[in-house]
Amino acid sequence: MEIALNEDQRAVQDGVAKIVGRFDDEYWTRCDSDARFPHEFHQAMAEAGWLGITMPESLGGAGLGVTEAAIMMHEVARGGGGMAAASALHVNLFGPHPIVVHGTREQQERWLKPLIDGREKVAFGVTEPNAGLDTTSIETFAKKTAGGYHVRGRKMWTTTAQEADRLLLLARTTPKTECARKADGMTLFYTPLDRSRIEVRRIEKMGRAAVDSNALFIDDLFIPDEDRIGEEGKGFRYLFDSLNPERILFGMEAVGLGRDALRRASAYAKERVVFGHPIGQNQAIQHPLAEKWAYLESAYWMCLRAAWLYDQGQPCGAEANAAKLIAARAGYDAALQAVMTLGGMGYAKEYQVERLFRESVLPRIIPVTEQLILSYIGENVLDLPKSY
Amino acid sequence: MKVLVAVKRVVDYNVKVRVKADGSGVETTNVKFSMNPFDEIAVEEAVRLKEAGKAQEIVVVSIGPAQAQETLRAALAMGADRAILIQTDEAVEPLAVAKLIAAIAKREEIGLAILGKQAIDDDSNQTGQMLAALLGWPQGTFASKLALEEGRAVVTREIDGGLETVSLALPAVVTTDLRLNTPRYASLPNIMKAKKKPLETTFAVDLDVDIAPRLVTLKVEEPPKRKAGVKVADAATLVDKLKNEAKVI
């Protein structure tokens with residue numbers, strides 16, 4: 001057993017770090033304060049081919065696994081851009097998975113190539129205001145008509161919809177009450193984000209202002225048959241396979257952000273002299289930081305363990321959920337400790353850690369809450385009665 | 001024309017170098033290594049020559065441990081065509097490096113050799129010059145500009161007084177300075193392609209080169225700690241101190 005990155009994975013790490021290193025604190029501060037999408041960063045990553053890391057080689061991707069994608073996102077999040085940098089790319093890595101598996105060759109050519117090249121961006125329309133994690137209760141409905149579907153409904157927390165050209169949309173095509181199983185009757189579409197039919201309203205939020213989150217109001221949007229992914233009624237099942245990779249990636253992003261915050265806090269504690277010595281010499285300052293390192297390190301390897309299982313084609317639900325849980329907490333704890341270590345300066349924007357702290361709350365909440373992760377582990381690993 | 005580029009695996013420039021407790025050298029365990037930055041510039045220049053149609057093939061050579069394969073792969077990912085690793089776990093001094101590269105240059109019938117002006121670990125700044133002498137080729141060191149003309153290389157050199165331009169008959173040796181170019185970063189598709197490019201491993205003994213060290217390192221130690229500065233009240237005091245205490249003006 002060798003628990004270490006291999007040569008290719010180190011090449012991924014170094015390759016990403018080189019690009020990320022070109023975007024400095026000022027860049028990310030401005031993106032945050034101006035609530036402006038990091039176009040230049042997104043473009044640089046697209047030009048160097050990183051948006052296709054998990055896409056098949058036949059479509060211009062690199063055909064690498066979730067492990068490599070996770071290593072990539074760890075570097076992306078720890079370069080100063082935190083969750084803003086990660087979220088600008090994140091949906092590209094797992095979002096189009098149903099198209100890779102269930103799309104026709106023609107659809108793959110039509111949709112995935114522009115996505116890999118960075119010419120188009122996609123938003124992921126699954127969550128709804130009345131159906132958060134209870135996805136089978138979504139109300140957006142696609143009514144069959146000649147040559148396509150008419151869609152009405154609302155979506156919530158749709159990331160990058162201000163920028164996106166395309167919408168990956170989950171809608172009911174059969175009411176839940178008429179389905180034998182509640183996970184049936186939902187269909188997945190990939191369609192132009194037609195702003196004459198879809199109102200995209202930005203949600204003001206605590207952090208990560210650079211990458212928008214939105215409420216969508218879909219009013220009689222026509223989607224042609226050729227924009228449907230796979231078979232009607234199987235859309236939700238198609239999404240299943242990308243849920244665990246998504247958790248792993250969010251976990252690694254949280255760890256990356258946490259490492260960046262910890263690096264800044266340690267550097268400050270070493271330099272800042274109070275009462276004649278650096279504050280980092282005080283154990284009350286030093287020990288909490290050392291502790292955060294230990295938790296970040298263990299979360300990192302837990303994420304990679306889950307990624308490895310996924311890439312081996314083995315079940316990884318428990319590991320991916322656990323990895324997301326501890327990684328998000330480790331990232332949050334490290335970012336909070338960084339603010340505390342810097343004291344007043346930690347509260348000042350100039351020192352970046354307050355921005356990282358605000359963003360570190362995000363991976364604790366998404367893509368699945370801590371409560372549901374614990375319920376999952378309780379039920380599926382510990383064999384306890386279902387609690388919800 | 002074939003271009004040879006020499007690359008060295010060195011402790012990454014971001015790493016804070018620590019001296020080993022026994023003073024025998026610097027700490028290299030659990031330390032990040034990467035390509036010597038001046039060699040990155042050399043690879044970039046060769047790739048640009050190839051893109052401009054002035055070079056047909058780029059051969060990268062490294063001398064070092066098995067892990068130096070990663071450094072060679074990084075050069076292949078930037079656009080070099082094939083790689084040669086002369087594998088050794090011993091410390092190899094500039095003269096031995098120059099002899100090994102000279103052997104490869106002859107075997108491969110190289111038209112131009114581009115090297116970093118120095119490696120950031122030992123800062124010797126000798127290999128390029130020694131290589132030119134061993135091969136009997138002209139050299140253009142500290143290049144900030146390189147242009148190939150019919151059978152000649154025109155090299156702008158960064159020297160103390162400014163810039164000097166020399167015209168060298170090919171084959172020649174060029175060493176790179178910081179301002180020659182800005183190296184590209186390897187794209188993911190090129191990192192993937194680099195895995196399939198040929199990488200040959202050979203040994204000094206196969207090239208009939210003696211790499212036994214001529215120098216003995218007696219001791220390596222940390223530079224002395226800088227003493228704290230002093231604050232002066234005004235410009236007049238400063239001038240006074242510079243004049244009478246530091247005696248620099």
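Asp25(A) is partly exposed, with 27% of relative accessible area. In this predicted model, Asp25(A) is joined by a salt bridge to Arg264(A), and the closest N and O atoms lie 2.8 Å apart. Arg264(A) has a relative accessibility of 11%. Since buried means under 20%, Arg264(A) counts as buried.

Helix H2 of chain A spans residues 25-33, and its buried residues are Tyr27(A), Trp28(A), Cys31(A) and Asp32(A). Viewed along the axis of H2(A), these residues fall within an arc of 130°, so they line one face of the helix. An α-helix has 3.6 residues a turn, so residues three or four places apart point the same way. On the other side of H2(A), Glu26(A) and Ser33(A) are exposed. The buried residues pack against three helices of chain A, namely H3 (39-47), H5 (82-94) and H12 (353-360). After H2(A) comes Ala35(A), which has a positive phi, near 50°.

Chain A is assigned domain 1 (7-117), domain 2 (122-232) and domain 3 (237-380). The centres of domain 2 and domain 3 of chain A, taken over C-alpha atoms, are separated by 31 Å. Between these domains, 14 residues of domain 2 are in contact with 11 residues of domain 3. About 1100 Å² is buried between domain 2 and domain 3, and carbon and sulfur atoms give 70% of this area. On the side of domain 2, Leu133(A), Met206(A) and Arg208(A) lose the most area to domain 3, together 49% of what that side buries. The polar links between domain 2 and domain 3 are 1 salt bridge and 3 residue pairs in polar contact. Elsewhere in the list of charged pairs, Arg237(A) and Asp184(A) meet in a salt bridge at 3.0 Å, N to O.

Over all chains, the structure holds 46 salt bridges. In chain B, Arg184(B) forms one of them with Glu44(B), with the closest N and O atoms 2.8 Å apart. Arg184(B) sits in the loop between strand E10 (172-176) and helix H5 (188-194), whereas Glu44(B) is in helix H1 (residues 37-51), 140 residues apart. Glu44(B) is buried at 2% relative accessible area, while Arg184(B) is partly exposed at 27%. Salt bridges that share partners also join Lys2(B), Glu57(B), Arg82(B), Arg107(B), Glu108(B) and Glu200(B) into one network.

Conventions: Residues numbered from 1 in each chain as written. Chains lettered and ligands numbered in written order. Predicted model: local features only at pLDDT ≥ 70, side-chain atom pairs only at ≥ 80, totals over all residues. Heavy atoms only, no water. Buried < 20%, exposed > 50% of the residue type's maximum accessible area, 1.4 Å probe, protein only. Helix = DSSP H or I, 4+ residues; strand = E, 2+ residues; numbered from the N terminus. Arc of directions from axis to C-beta. Contact = heavy atoms within 4.5 Å. Domains from an automatic or database assignment. Buried area = accessible area lost by both parts, 1.4 Å probe. Salt bridge = Lys/Arg side-chain N within 4 Å of Asp/Glu carboxyl O. Polar contact = N/O pair within 3.5 Å; in protein donor to acceptor, adjacent residues only side chain to side chain.
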